[in-house]
Amino acid sequence: MTPIKACDTVEIPFSPEVVWRVVSDFAAYPSWWPRRIRVRVLSLEPALVGTEIQICPPGAIPFCCRVTEVTSGQRIQMKYFGGIVEGEGEWRLKPAGTETFVSYKINVNARGWLVALIGRFVSLAGIHSGQMRDVFANLATRAAAIKEP
């Protein structure tokens, strides 16, 4: 198993309520996540816990994420399973005046000899962080389209 740990943060120029509406709307993920990172909704739960999505990063084997814990407006804990990745991920939102600090942290293990080989030459955490920059940019665009509650 190859460990991948990363924590990426961005400041989004919208209130935590608006950002939360985007981050917690798993049904809309396929419409706002970068197209090259395919997202498919497997199941939706009204309280979020138990919601499952499948993520297929470019050139990688798809894996699934299940929401395991939610602190409304602040945090979504995810469990990665299936495919090539196992471990945890977490969205966190923190108010910053009229803006929101958003972070996504992963602590996962990737399986397979190919991942281990690639990980010797390339930072897998760096690849994840590059993809998260695109996710954050799209998150800000999506938030801009939502009016304040």
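Biologist: How many aromatic pairs does a search of the whole structure find?

Modeller: The search finds seven aromatic pairs. Please note that this is a predicted model.

Biologist: Which kind of pair do Trp-32 and Trp-33 form?

Modeller: Trp-32 and Trp-33 form a tilted pair, 6.1 Å centre to centre, with 50° between the planes.

Biologist: Are those two buried or exposed?

Modeller: Trp-32 is buried, because its relative accessible area of 4% falls under the 20% cut-off. Trp-33 is buried as well, with a relative accessible area of 9%.

Biologist: Turning to the helices, is helix 1 mostly covered or uncovered?

Modeller: Helix 1, residues 16-23, is mostly covered, with six of its eight residues buried. Those buried are Pro-16, Val-18, Val-19, Trp-20, Val-22 and Val-23.

Biologist: And the surface: which residues make the nonpolar patch?

Modeller: Trp-113, Leu-114, Leu-117, Ile-118, Phe-121, Val-122 and Ile-127 make a nonpolar surface patch of about 740 Å².

Biologist: Where does the largest share of the patch come from?

Modeller: Helix 3, residues 113-121, supplies the largest share, five residues. Leu-117 has its place in that helix.

Biologist: Why is Leu-117 called partly exposed?

Modeller: Leu-117 has a relative accessible area of 38%, so the value lies between the 20% limit for buried and the 50% limit for exposed.

Methods: Residues are numbered from 1 along each chain as its sequence is written. This is a predicted model: local features need pLDDT of at least 70, side-chain atom pairs count only at pLDDT 80 or more; totals for chains, interfaces and linings use all residues. Side-chain values use heavy atoms; hydrogens and water are left out. Patches are made of residues with over 30% relative accessible area and no salt bridge: like charges are joined within 9 Å, nonpolar side chains (Val, Leu, Ile, Met, Phe, Trp, Tyr) within 5 Å. Accessible areas come from the Shrake-Rupley method with a 1.4 Å probe; for residues, only the protein chains shown count as cover. A salt bridge is a side-chain nitrogen of Lys or Arg within 4 Å of a carboxyl oxygen of Asp or Glu. Helices (H or I, at least four residues) and strands (E, at least two) are DSSP runs, numbered from the N terminus. Buried means under 20% relative accessible area, exposed over 50%, partly exposed in between (1.4 Å probe, protein chains only). Rings of Phe, Tyr and Trp (its six-membered ring) pair if their centres lie within 6.5 Å; planes under 30 degrees apart count as stacked, over 60 as edge-to-face and the rest as tilted.
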